[in-house]
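Subject: A structure for you, with notes

Dear colleague,

Please keep the viewer open as you read.

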Amino acid sequence: MFKYKNLLEERAKLVEENLIRELKLTPILDDKLAEAMEYSLMAGGKRLRPILFMAAADSINSHGIKGENFLPVASALEMIHTYSLIHDDLPAMDNDDYRRGKLTNHKVFGEAMAILAGDALLTLAFEVIARQKNVKYPVLLEVAMEIAKSAGASGMVGGQAIDLESEGKQIDLETLKKLQLGKTGALFRAAIRSGALLAGANSKQLNALTIYADNFGLAFQITDDILDVQGEQEVLGKPIGSDERNLKSTYVTLTSLDDAKKIAQTAIKNALNALNDFGDEADFLREIVKYLIERKK
């Protein structure tokens, strides 16, 4: 049982309320586009990236700054994540029919509108970052650059490209790690580093949280690979076995189920060790990475 379940739910609710506010602040020329954007953005989900972003800010404990002070940036991270899911589900990519227990965006609105909804959420994210108040401009610019790099060709998009090119092929573990660090890990890294930067982290704290983030992302991806083999569609909210159908190499297929679990456990241990110099203010980060290995969705 995750001991911070209430905080997790409270933070998720804060993010969802702010996502609605940000959408209302945005003039959207086409009603169908607005509906498609909101459909996926408000379809549920763990809101994990903005929650980790806020937890990283909390862990710095600089002048009493809290992660909740930076809800616009937290919301922007969720917009970027949602855009990536919309595009990832498209027939040209993973070709999935369900996401978060609902029909995927292109199944409801068509492929063209789904692509536009994703594009709109990605660009809106940076407009929302610019709305962040009470942050020094150079720091906010650094955060925007951090998030942009992590979302783009050197991060998430680059990882997705490797993923597409690897379908139907046997790749090695080094290539898989590179893929994972981009497609899944980069946005986790951006979330955690951005929260730390906004809270005034020093270089030692930032380096430690970067190690934590990279190992968190690895453990998260391996757990996803395991759930794709032995999870339940009703719990996950998306089809089981899509990796096998798309002939994708994963930590499970390149090693074994047991070895994949061992690699995940090592990543969790490394993430926890990275927080050794942090106090109680980093307990949420400690608990959530341990909870990873037990999650069902």
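The notes below go from the whole chain to single residues.

Please bear in mind that this is a predicted model, in which local features need pLDDT of at least 70 and side-chain atom pairs count only at pLDDT 80 or more, while totals for chains, interfaces and linings use all residues. Residues are numbered from 1 along each chain as its sequence is written, and side-chain values use heavy atoms, with hydrogens and water left out.

The whole chain

The secondary structure of the chain consists of 15 helices and two strands; here helices (H or I, at least four residues) and strands (E, at least two) are DSSP runs, numbered from the N terminus. The chain is as compact as a globular protein of its length, because its radius of gyration is 18 Å, close to the 19 Å that the globule rule gives for 297 residues. That radius is taken over C-alpha atoms, and the rule is 2.2 Å times the number of residues to the power 0.38. Along the principal axes, the C-alpha atoms fill a box of roughly 50 × 50 × 35 Å.

Of the 297 residues, 54% count as buried, where buried means under 20% relative accessible area, exposed means over 50%, and partly exposed lies in between (1.4 Å probe, protein chains only). If we take the contacts (heavy atoms within 4.5 Å) between residues at least 6 apart in sequence, 74% of them join residues at least 24 apart. The chain exposes about 13,900 Å², and carbon and sulfur atoms supply 52% of this area, which was computed by the Shrake-Rupley method with a 1.4 Å probe.

Salt bridges

Why can some side chains pair up? Side chains of opposite charge can do so when their charged atoms come close. A salt bridge is taken here as a side-chain nitrogen of Lys or Arg within 4 Å of a carboxyl oxygen of Asp or Glu, and the count by this rule comes to 18 salt bridges.

One of them joins Glu16 to Arg47, with the closest N and O atoms 3.2 Å apart. This pair links distant parts of the chain, since Glu16 is in helix H1 and Arg47 is in the loop between helix H2 (31–41) and H3, 31 residues apart. Glu16 is partly exposed, with a relative accessible area of 28%, whereas Arg47 counts as buried at 1% relative accessibility.

Another salt bridge is formed by the side chains of Arg100 and Glu78 (3.5 Å, N to O). Here too distant parts of the chain are linked, with Arg100 in the loop between strand E1 (98–99) and strand E2 (102–103) and Glu78 in helix H4 (residues 71–88), 22 residues apart. Glu78 is buried, and its relative accessible area is 0%. Glu16, Arg47, Glu78 and Arg100 are linked in a network of salt bridges.

A further pair is Glu146 with Arg193, whose closest N and O atoms are 2.7 Å apart. Glu146 belongs to helix H7 (residues 137–151) and Arg193 to helix H9 (residues 173–198), so that this pair also links distant parts of the chain, 47 residues apart. Both ends are buried, Glu146 with a relative accessible area of 14% and Arg193 at 15% relative accessibility.

Which residues are buried in helix H15 (residues 283–292)? They are Phe284, Leu285, Arg286, Ile288, Val289 and Leu292, and what covers them includes helix H1 (5–24), helix H3 (48–60), helix H10 (203–230) and helix H14 (257–274).

His106 is found in helix H5 (residues 105–109) and counts as buried at 8% relative accessibility. Leaving aside neighbours within four places in sequence, His106 is in contact with Asp89, Leu90, Pro91, Asp96, Glu111 and Ala114.

Asn95, in the loop between H4 and E1, has a positive phi of about 55° although it is not a glycine, and at 45% relative accessibility Asn95 counts as partly exposed. Asn134, in the loop between helix H6 (111–130) and H7, likewise has a positive phi, near 60°, but counts as exposed at 81% relative accessibility. Asn202 lies in the loop between H9 and H10, and the C-alpha atoms of Asn202 and Ile60, 142 residues apart along the chain, are separated by 8.8 Å.
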